[in-house]
Amino acid sequence: MNNHIEIFDTTLRDGEQSPGFSMNQEEKLRLAHQLERMQVDVIEAGFPIASDGDYETVREISKHINKSTVAALCRTRHKDIDRAAAALEPAAKPRIHTFIATSDIHMKYKLKKERDEVLESAVSAVEHATQYCDEVEFSAEDASRSDTEFLYQIFEEVINAGATVINVPDTVGYAMPWEYGNLIKSIKENVPNIEQATLSVHCHNDLGVAVANSLMAIRNGADQVECTINGIGERAGNASLEEIVMAIATRDDDRHTGIVSEELVPSSKLLSGITGHNVQPNKAIVGDNAFAHEAGIHQHGVLNNPMTYEIMTPESVGLESNKIVLGKHSGRFALNKKLQKMGYELEKDELNRVYFKFTQVADEKKKVKESDILDLIVDTLSQQPIDGDPKMAR
């Protein structure tokens with residue numbers, strides 16, 4: 001078992017294919033530098049045959065990235081491969097990533113090819129790519145809906161042809177975690193030369209299980225995970241890089257990535273700034289609410305010991321601290337902590353009176369601001385106690 005899981009980031013290629021998420025060359029280069037700072041193993045920079053702009057962007061990124069491998073995607077056509085190789089020519093660590101569909105539905109309706117034609121095309125492409133660089137990745141598009149015996153055959157033959165990475169995409173997000181895990185296990189057991197290649201996975205999130213599928217793949221022998229910042233990508237997106245990295249860091253004692261996790265939030269924010277699309281507040285790891293607490297019981301626990309409700313530290317993903325949000329669900333304990341931070345040490349009766357007024361304001365507002373609390377203090381403590389104020393603790 002390989003303990004190091006390689007992280008292959010495809011934000012700049014598959015991620016950019018999300019409607020409304022296109023990036024220009026300067027923006028892609030900024031993001032590529034951030035990905036290298038985060039120490040991703042592979043940066044898929046683009047699809048050079050798609051346009052002159054994509055070609056030039058891959059070439060520019062290749063000039064500037066020195067530590068991460070730079071990959072370029074291409075179909076199994078030789079002209080695609082030649083174009084990818086030319087774009088990657090300045091790269092310190094280039095990888096040609098070629099693909100062809102292997103499912104019956106794709107071969108029949110999209111490629112209009114028989115299996116032997118697809119096999120021949122795949123082997124020819126890999127052989128052609130090996131003349132340009134040492135790292136050649138082959139992807140069987142729609143692998144999760146492909147006949148497994150055909151997958152075993154095509155993987156064995158492209159490895160013999162020189163492929164150093166074999167990718168098993170769940171292209172349409174169809175697989176369930178147990179199915180996908182079994183698929184990876186079966187490839188490990190039935191492709192005789194699979195140990196000569198890195199086994200990679202690429203999962204889409206159409207059924208909301210891209211991260212779960214990726215983790216099951218790792219559990220069953222995958223060495224590389226293809227993913228994106230914020231989980232962006234075609235349709236419902238790709239497996240989320242930050243979720244995979246922190247799931248491994250938090251729960252897997254046997255495996256690790258080389259990712260600098262403190263760069264996860266900065267990377268997420270950079271991408272959001274470039275694309276103009278923020279993640280939802282409850283997004284795992286990088287959402288605004290990922291380390292925020294409003295419920296009184298939770299606040300009490302976190303203020304005494306963050307591990308009561310936080311399974312990782314906010315600092316570990318690049319945040320300065322967690323957030324205690326004062327609102328209608330907050331309790332007296334959290335309010336008092338906030339008051340102390342503001343410089344107010346209240347007697348129990350004073351705190352009860354301020355808290356009573358606070359609950360009234362919180363019922364009307366989604367979030368109570370510090371200025372609201374200042375107004376409460378001035379207003380409440382300038383008045384005499386009113387009989388009947390509730391003293392019930394939250």
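**Figure 1. Overview of the protein chain in the predicted model.** Of the 394 residues that make up the protein chain, 53% count as buried. The chain contains 14 helices and 10 strands, and its C-alpha atoms fill a box of roughly 90 × 40 × 35 Å when this box is taken along the principal axes.

**Figure 2. The barrel of eight strands.** Eight strands close into a barrel, and their order is β1-β2-β3-β4-β5-β6-β7-β8, with parallel pairing. From one strand to the next, the twist averages 25 degrees. One of the pairings joins strand β5, which covers residues 135-141, to strand β6, which covers residues 165-170, in the parallel sense and over three bridges. Here serine 139 stands opposite asparagine 167, which belongs to β6.

**Figure 3. Strand β2 and its pairing with strands β1 and β3.** Strand β2, formed by residues 42-46, is mostly covered, since five of its five residues are buried. Strand β1, formed by residues 6-9, pairs with β2 in the parallel sense over two bridges, and phenylalanine 8 stands opposite valine 42 of β2. Between these two strands the chain passes through helix α1, residues 25-37, and this β-α-β crossover from β1 to β2 is right-handed. Strand β3, residues 69-75, runs parallel to β2 and is joined to it by four bridges, and in β3 the residue valine 70 is the bridge partner of isoleucine 43.

**Figure 4. The contact of helices α1 and α2.** The axes of α1 and α2 come within 10 Å and cross at roughly 35 degrees, and α1 passes α2 in a right-handed crossing. On the side of α1, the residues that take part are Gln25, Lys28, Leu29, Ala32, His33 and Glu36, and these meet Asp54, Glu56, Thr57, Glu60, Ile61 and His64 in α2. Sorted by class, this contact of α1 with α2 has three nonpolar, four polar and five charged residues.

**Figure 5. Helices α3 and α5 lying across strands.** Helix α3, which covers residues 78-88, lies across β3 and β4, the latter being residues 94-101, and α3 runs at about 160 degrees to β3. Helix α5, which covers residues 115-129, lies across β4 and β5, and α5 runs at about 170 degrees to β4.

**Figure 6. Glutamine 39 and arginine 235, with positive phi values.** Most residues other than glycine have a negative phi. Glutamine 39, however, has a phi near 70 degrees, which is a positive value in a residue other than glycine. Glutamine 39 is found in the loop between α1 and β2, and with 46% relative accessibility this residue counts as partly exposed. Arginine 235 is not a glycine either, and yet its phi is positive, at about 55 degrees. Arginine 235 lies in the loop between β8, residues 224-227, and α9, residues 241-251, and with 48% relative accessibility arginine 235 counts as partly exposed.

Key:
Residues are numbered from 1 along each chain as its sequence is written. This is a predicted model: local features need pLDDT of at least 70, side-chain atom pairs count only at pLDDT 80 or more; totals for chains, interfaces and linings use all residues. Side-chain values use heavy atoms; hydrogens and water are left out. Buried means under 20% relative accessible area, exposed over 50%, partly exposed in between (1.4 Å probe, protein chains only). Two strands pair if DSSP finds at least two bridges between them. A crossover is right-handed if, with the strands pointing away from the viewer, the path from the first strand over the helix to the second runs clockwise. Axes are lines fitted to C-alpha atoms, for helices over the stretch in contact, and angles run from 0 to 180 degrees between N-to-C directions. Contact means heavy atoms within 4.5 Å. A crossing is left-handed if the near helix is turned anticlockwise from the far one by less than a right angle, and right-handed if clockwise. Ala, Val, Leu, Ile, Met, Phe, Trp, Tyr, Cys and Pro count as nonpolar, Asp, Glu, Lys and Arg as charged, and the others, Gly among them, as polar.
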